[in-house]
Amino acid sequence: MPLPGVGTYEDFNTIDWVREKTRDRDRHREITKKSRQSTIALLRSVSDAFSGWLLMLLVGLMAGALAGGIDIAAHWLTDMKEGVCLVGFWFNHEHCCWTSNETTFQERDKCPQWQTWAQLIAGQSEGAFAYIVNYLMYLFWALLFSFLAVSLVRAFAPYACGSGIPEIKTILSGFIIRGYLGKWTLITKTITLVLAVSSGLSLGKEEVLSAAAAVGVSVAFGAPIGGVLFSLEEVSYYFPLKTLWRSFFAALVAAFTLRSINPFGNSRLVLFYVEFHAPWHLIELAPFILLGIFGGLWGALFIRANIAWCRRRKTTRLGHYPVMEVLVVTAITALLAYPNSYTRMSGAELISELFNDCSLLDSSQLCGYQQPNVNASDTAVGNTLADRPAGEGLYTALWQLALALVFKMLITVVTFGMKVPSGLFIPSMAVGAIAGRLLGVGMEQLGWCSPGADCITPGLYAMVGAAACLGKARFTVWRDPHDGVSVVIMFELTGGLEYIVPSWPKSLHSISHIRLNGYPFLEPKEEFEHSSLAVDVMRPRRSDPPLAVLTQNGMTVGEVETLVESTNFSGFPVVVSPESQRLVGFLFRRDLLISIDNARKCQEGVVSASQVIFTEHTPSQPPEAPPPLRLRGIMDLSPFTVTDHTPMDITVDIFRKLGLRQCLVTRNGRLLGIITKKDILKHMAQIANRDPDSILFN
């Protein structure tokens with residue numbers, strides 16, 4: 001019988017995936033063998049086979065329901081900053097005015113049932129005093145929401161802050177962070193995510209192991225295919241075909257659940273549905289490429305600035321006051337955002353507005369074109385004038401958008417990384433969409449097409465710009481020169497299959513919050529180009545004491561306990577003898593301690609003088625000797641080894657593809673040293689002229 005606790009891992013330790021896969025394979029063989037013996041065993045085998053699919057069904061249902069609740073609650077609280085519905089305070093602005101018979105097409109967002117705070121408090125809807133009252137109430141609600149968010153995170157689940165993507169990727173690579181995927185983190189993140197988004201901070205709501213990551217993207221963006229590709233390409237170290245299908249199933253269940261809840265009120269799964277009526281032209285690839293270049297340049301600038309700010313937060317007194325930091329940033333955001341309608345609205349609402357393709361009856365400022373004069377006799381304008389000359393409303397919208405672009409770029413740098421749940425997708429898309437809309441209107445006003453022809457669609461440029469900057473948003477954990485995930489997510493977000501090609505050209509840059517946090521993550525896409533060998537990286541080094549090892553016989557329980565207590569290693573190689581150093585196997589520290597403690601309690605006669613035996617047959621002992629302690633059953637008899645002259649690029653690939661925790665170095669069968677994942681990361685940091693001690697976790 002296996003001992004409880006043997007084979008498990010301590011917090012902030014790395015999983016040995018080779019050992020876990022072997023144990024799982026042995027478990028399946030045992031279940032299959034027993035299934036032939038009785039009907040009950042057969043039913044248990046069937047239950048085990050379908051347990052994974054059942055889990056994915058439950059994950060999909062829960063994620064879809066949570067996402068729908070988050071969307072509805074965030075929309076409601078965002079509107080509450082500006083007013084309240086008299087017929088039911090739980091209605092947001094749009095739902096409040098749905099049933100009203102007193103709205104007009106031009107002012108469909110105004111109805112008697114919805115009252116601004118100035119109307120409720122001062123009885124005025126216009127004028128300077130009403131503006132000040134609404135301004136102060138907007139600031140009050142923003143500060144209240146952000147204070148509640150950061151306070152709940154600090155009190156109940158500190159792991160709930162941030163986007164979670166670096167941590168999820170690190171966990172999937174085999175690193176144990178206990179509590180990060182716990183119930184309190186889920187509950188706190190769900191509640192505080194609503195509050196943080198509703199406060200108006202420049203952050204997104206994309207949050208939420210391989211299939212779970214796919215489900216998270218699926219419900220965050222209504223993109224089940226993009227979610228699976230996201231998990232396959234970016235999050236998972238190991239992604240077999242079985243996991244692929246289960247992830248897709250969970251993503252579809254989550255998307256169907258979200259579609260049934262219909263949080264967007266448009267009877268569609270996609271968040272930003274677009275329906276452009278004019279195709280793009282080959283000549284427009286040039287401005288599309290410019291948007292890609294903008295996405296890359298802005299990404300590089302943002303990465304450098306944000307990492308510098310986060311490093312300052314970690315190394316100065318600023319990091320000691322997370323609540324004050326959140327409140328100050330919220331106050332600055334609200335004070336600067338309220339006067340501009342494009343920064344006052346939520347990120348999702350802003351992107352939807354920018355993607356909009358203007359129609360004749362559209363009342364948006366972005367559609368403020370001059371009405372054509374049908375009586376004008378001068379029609380020989382040729383290609384020198386735009387088909388739709390810009391009017392006063394459009395010019396006003398353009399300078400407001402220009403200010404919004406600068407504001408979003410600056411405020412996102414200091415917002416991302418604070419101690420509240422935060423995503424980067426929506427703010428990045430907003431920056432790209434603003435830049436794209438500005439460029440699109442500029443191209444439209446150049447008048448390349450003759451009057452009456454729909455040549456330039458500014459909304460399409462906004463979509464391309466959002467796709468260009470969406471690739472940058474994923475900088476926190478990876479670098480990928482062949483990025484298709486962002487394009488697929490954009491296609492599913494908008495439903496615009498025809499516009500995939502112009503969404504593709506963009507630049508990607510990479511720097512990692514994983515490195516900033518010191519997580520022991522081995523980037524699978526990073527090339528190792530140094531010519532070092534395994535002997536250059538292994539421990540012990542020449543100046544280090546000899547490697548701590550166990551011998552297969554001859555050591556007593558007391559000697560083993562003394563060795564374990566005098567070191568902090570996670571495991572010990574087992575050799576034939578100190579003289580020969582011939583490798584026998586490998587034993588994990590936790591398994592060793594649990595087995596010795598259990599033997600002292602349950603096995604009669606085991607004392608400190610008892611011999612510890614790792615051989616198959618017990619050697620002869622004096623009659624008066626205490627009974628030995630046999631530990632061969634918990635030893636790994638086939639530890640992974642490389643020779644001392646194995647190139648490090650091959651060793652790194654072995655660690656990446658097999659998910660190794662450690663690898664033993666031998667020469668002609670004799671043990672020389674050990675290489676752990678942390679040793680490799682420190683070596684790579686030294687090669688890149690980074691501080692090797694920045695790898696914080698053991």
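Mentor: A charge sits over a ring if NZ of Lys or CZ of Arg is within 6 Å of the ring centre and within 35 degrees of the ring normal. Please keep in mind that this is a predicted model.

Trainee: Over the ring of which residue does the charged end of R344 sit?

Mentor: The cut-off for the distance to the ring centre is 6 Å. The charged end of R344 lies 4.3 Å from the centre of the ring in question, which belongs to Y338.

Trainee: Is the pair of W90 and F91 stacked, edge-to-face or tilted?

Mentor: A search of the whole structure gives 17 aromatic pairs. For W90 and F91, the ring centres are 5.7 Å apart and the planes meet at 45 degrees. Planes under 30 degrees apart count as stacked and those over 60 as edge-to-face.

Trainee: Which residues form one aromatic cluster with W90 and F91?

Mentor: W90 is exposed, at 53% relative accessibility, and F91 is partly exposed, at 30%. The cluster that holds W90 and F91 also includes W76 and F89.

Trainee: Are helices α22 and α23 roughly parallel or oblique to each other?

Mentor: Helix α22 spans residues 557–565 and helix α23 residues 589–602, and their axes lie 11 Å apart at an angle of about 140 degrees. Roughly antiparallel requires over 145 degrees, and roughly parallel under 35. The arrangement of α22 to α23 is therefore oblique.

Trainee: Which residues of α23 meet V557, V560, E561 and V564 of α22?

Mentor: The crossing of α22 past α23 is left-handed. On the α23 side, the residues in contact are R589, L592, L593, I596 and R600.

Technical notes: Residues are numbered from 1 along each chain as its sequence is written. This is a predicted model: local features need pLDDT of at least 70, side-chain atom pairs count only at pLDDT 80 or more; totals for chains, interfaces and linings use all residues. Side-chain values use heavy atoms; hydrogens and water are left out. Rings of Phe, Tyr and Trp (its six-membered ring) pair if their centres lie within 6.5 Å; planes under 30 degrees apart count as stacked, over 60 as edge-to-face and the rest as tilted. Buried means under 20% relative accessible area, exposed over 50%, partly exposed in between (1.4 Å probe, protein chains only). Axes are lines fitted to C-alpha atoms, for helices over the stretch in contact, and angles run from 0 to 180 degrees between N-to-C directions. Helices (H or I, at least four residues) and strands (E, at least two) are DSSP runs, numbered from the N terminus. Angles under 35 degrees count as roughly parallel, over 145 as roughly antiparallel, 65 to 115 as roughly perpendicular and the rest as oblique. A crossing is left-handed if the near helix is turned anticlockwise from the far one by less than a right angle, and right-handed if clockwise. Contact means heavy atoms within 4.5 Å.
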